[in-house]
Amino acid sequence: VTEPDLRGRHVVVSAGGTREPLDPVRFLGNRSSGKQGYALARTAAARGARVTLVSANAGLPEPAGVDVVPVGTAVQLREAVLKAASDADAVVMAAAVADFRPATYAAGKIKKKDGEDPEPIVLVRNPDILAEISADRARPGQVIVGFAAETDNVLANGRKKLDRKRCDLLVVNEVGERKTFGSEENEAVVLGADGSETPVPYGPKEALAETVWDLVARRLG
Ligand code: C5P
């Protein structure tokens, strides 16, 4: 039996991966499936929360009892998260947000021209949404959780990222062959701004989601 320990709370979860368009048919994207974010949304709803799920290109069935806000790009995801976060008790940024987007968008499909080299793709930075909402909290006591996929020095890099982004919790997972992207399982360590480290053994994404909500609920008191 699930404890309704998030009853009366509003939580915002971002999920999936942003797509940054180059022209009407092409984009820069990433391998995020959205499964971890959807597991977070489902488990929060089961624990009694009102859930806003800002979903970027996940293509997964809408979880019952969850408000889904579909978005495409990082800029759209930022708008939707800022709006939903204004009255949220917790925000969990599980989405893979593109750090960069193409500087220009071609209104017509980019064509190859005989004998000519392709134009380079120039990128500009996207806003860092996690850093922004953490630095300027919409409410006192709002709990903010980030995710980080690292390939090496996982804990040390995770700790640096948590300090830089100023979030309360950072879920760090090692990116590997069968882990994380598209898989049903995950393995992670949840780092706390209070110095805590909570290891979550290899298992279903639901189990990691429950641990995240345990840690969030404790901080909400
Ligand atoms: O810096 P990095 O992309 O590794 O950070 C990952 C965390 O930051 C994730 O929680 C992701 O949702 C968030 N993020 C963001 N805005 C960006 C890039 C990442 O909110 N532009």
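This is a predicted model: local features need pLDDT of at least 70, side-chain atom pairs count only at pLDDT 80 or more; totals for chains, interfaces and linings use all residues.
The protein chain contains five helices and 12 strands. Its radius of gyration is 18 Å, close to the 17 Å that the globule rule gives for 221 residues, so the chain is as compact as a globular protein of that length. The C-alpha trace spans about 65 × 35 × 30 Å along its principal axes. Of the 221 residues in the protein chain, 41% are buried. When contacts between residues at least 6 apart in sequence are considered, 63% of them join residues at least 24 apart.

Strand β1 covers residues 10–16. This strand is mostly covered, and seven of its seven residues are buried. Strand β1 is paired with β4, which comprises residues 50–56. Seven bridges join β1 and β4, and the two strands run parallel. Within this pairing, H10 has R50 of β4 as its bridge partner. Strand β1 is also joined to β6, which comprises residues 90–93. Here there are four bridges, and β1 and β6 run parallel. The bridge partner of V12 in β6 is V91.

Helix α1 is formed by residues 35–46. From the first C-alpha to the last, the 12 residues of α1 reach 16 Å, close to the 16 Å expected at 1.5 Å a residue. Helix α1 is largely enclosed by the rest of the structure, because 12 of its 12 residues are buried. Among them are K35, Q36 and R42, as well as Y38 and L40. The elements covering the buried residues of α1 include the strands β1, β4 and β6 described above. Strand β11 (185–192) and helix α5 (205–220) are also included in this cover.

A46 counts as buried because it has 20 C-beta neighbours inside 10 Å, and 20 or more is the cut-off for a buried residue. A46 and F27 are separated by 19 residues in sequence and by 35 Å in space, C-alpha to C-alpha.

The shell around the ligand holds 13 residues, of which M93, V97, I129, L130 and G146 come nearest. Two or more residues of this shell are given by each of α3 (129–135) and β9 (143–150). The most come from β9, which gives three residues. By type, the residues of the shell divide into nine nonpolar, two polar and two charged.

Most residues other than glycine have a negative phi. N57 is not a glycine, yet has a positive phi of about 55°. N57 is found in the loop between β4 and β5 (67–71). With 21 C-beta neighbours inside 10 Å, N57 counts as buried. N153 is likewise not a glycine and has a positive phi, of about 45°. N153 lies in the loop between β9 and α4 (154–165). With 10 other C-beta atoms within 10 Å, N153 is exposed. Thus N57 is buried, whereas N153 is exposed.

Terms used. Residues are numbered from 1 along each chain as its sequence is written. Two strands pair if DSSP finds at least two bridges between them. The expected span of a helix is 1.5 Å times one less than its number of residues. Two residues are in contact if their C-beta atoms, placed from the backbone, lie within 7 Å. A residue is near a molecule or strand if its C-beta atom, placed from the backbone, lies within 6 Å of it. Ala, Val, Leu, Ile, Met, Phe, Trp, Tyr, Cys and Pro count as nonpolar, Asp, Glu, Lys and Arg as charged, and the others, Gly among them, as polar. The radius of gyration is taken over C-alpha atoms; the globule rule is 2.2 Å times the number of residues to the power 0.38.
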